[in-house]
Amino acid sequence: MIYTCYEMARDCRADKPEGWSHFITNYVPLVRKFLAHYGGGEIEPVLKALRDPGSSMFQSLEPAPERWFLAELRQKVLAEIPFPAAEIAIDPETVAAALAPLTVVEKLAAWLETMRYDPKESGAILRMSPETVAKIRDKAEELIRGKVDAWRRNLLAENGRALGAEAMAAKTEECLPVKVFLDVLDGRATWRGREEMERHVTRCWHCIDHFCRMAEVIQSLRGVQPLTGEESEPFRKLLGVRMQRAGWKRLVGLGG
Ligand SMILES: [Zn+2]
């Protein structure tokens, strides 16, 4: 029997052990991956913070349940990772002005630096050659350098978390729904010939960031193996997940 992400969300909302057990088996490896990539610490406190039936990651899952869930999961994990202020801070307006001459695809390649992806990883995420990404990065660095007083390499990466949070918050009424980005990422549509869409995205860093986050989520699923029963056990213990219903109810004090 196939137990889907949709059913997991429903069961986690209802705080059922089936849901949490599936979450642990299938998504602890992803939580680990995000933590490792974004410089997080121990996984245990993060998992405890995630164990919340009311969490937004278990709510509306349309139009792509697993990706939508993972996009939320990524945000929840990042929220648990503190980040130091950049030594040389750069504000979103400066970045937007500096990178305005770039095309949409170039902006995506440049923006992935804020998400700590090197040209090779970014190339895999955007299905471009690493050399092309590296060239775009050089161009972006020069553009930014021309707009700031203090500059050094990797300014976008250093300011990445702050810029990402600003971009998230900058959502407008015209911003595109996630479905549009998924169509591009799944090869059902391209930027080419969709001038209206491109006209918005090219001047909207919320949408650039949103697209990059969805592309990241799709890439992050590649090569990830679920935990074995044995590997899951310590996490089930940590989160108090018991598969026998009676024991579970007793554990969380729901009666019985
Ligand atoms: Zn937008």
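Which residues do ring pairs link into a cluster? Trp-20, Phe-23, Tyr-27, Phe-58 and Phe-69 are linked in this way.

## Basis of the model

This is a predicted model, in which local features need pLDDT of at least 70 and side-chain atom pairs count only at pLDDT 80 or more, while totals for chains, interfaces and linings use all residues. Residues are numbered from 1 along each chain as its sequence is written, and side-chain values use heavy atoms, with hydrogens and water left out.

## Aromatic pairs

The structure holds nine aromatic pairs, where rings of Phe, Tyr and Trp (its six-membered ring) pair if their centres lie within 6.5 Å, and planes under 30 degrees apart count as stacked, over 60 as edge-to-face and the rest as tilted. One of them joins Phe-23 and Phe-69 edge-to-face, at 6.2 Å centre to centre and with 85° between the planes. This pair links distant parts of the chain, since Phe-23 lies in helix H2 (residues 17–37) and Phe-69 in helix H4 (residues 65–79), 46 residues apart; helices here are DSSP runs (H or I, at least four residues), numbered from the N terminus.

Phe-58 and Phe-69 form a stacked pair, 5.8 Å centre to centre with 20° between the planes. Phe-58 is placed in the loop between helix H3 (43–50) and H4, 11 residues apart from Phe-69. Phe-58 is buried at a relative accessible area of 0%, and Phe-23 is likewise buried at 0%, where buried means under 20% relative accessible area (1.4 Å probe, protein chains only).

## Zinc site

The zinc ion is coordinated by Cys-175 (SG), His-200 (NE2), Cys-204 (SG) and Cys-207 (SG) at 2.1 to 2.3 Å, with donors taken as N, O and S atoms within 2.8 Å of the metal (3.2 Å for Na, K and Ca). The four donor atoms subtend angles of 100 to 118°, so the arrangement is tetrahedral, a label that requires all angles to lie between 85 and 135 degrees. Cys-175 lies in the loop between helix H10 (160–169) and helix H11 (178–185) and His-200 in helix H12 (residues 195–201), so the pair ties together parts that are 25 residues apart in sequence.

Methods: Four donors count as tetrahedral if all angles lie between 85 and 135 degrees; four count as square planar and six as octahedral if opposite donors are over 155 degrees apart and all others between 65 and 115; anything else is irregular. Helices (H or I, at least four residues) and strands (E, at least two) are DSSP runs, numbered from the N terminus. Buried means under 20% relative accessible area, exposed over 50%, partly exposed in between (1.4 Å probe, protein chains only).
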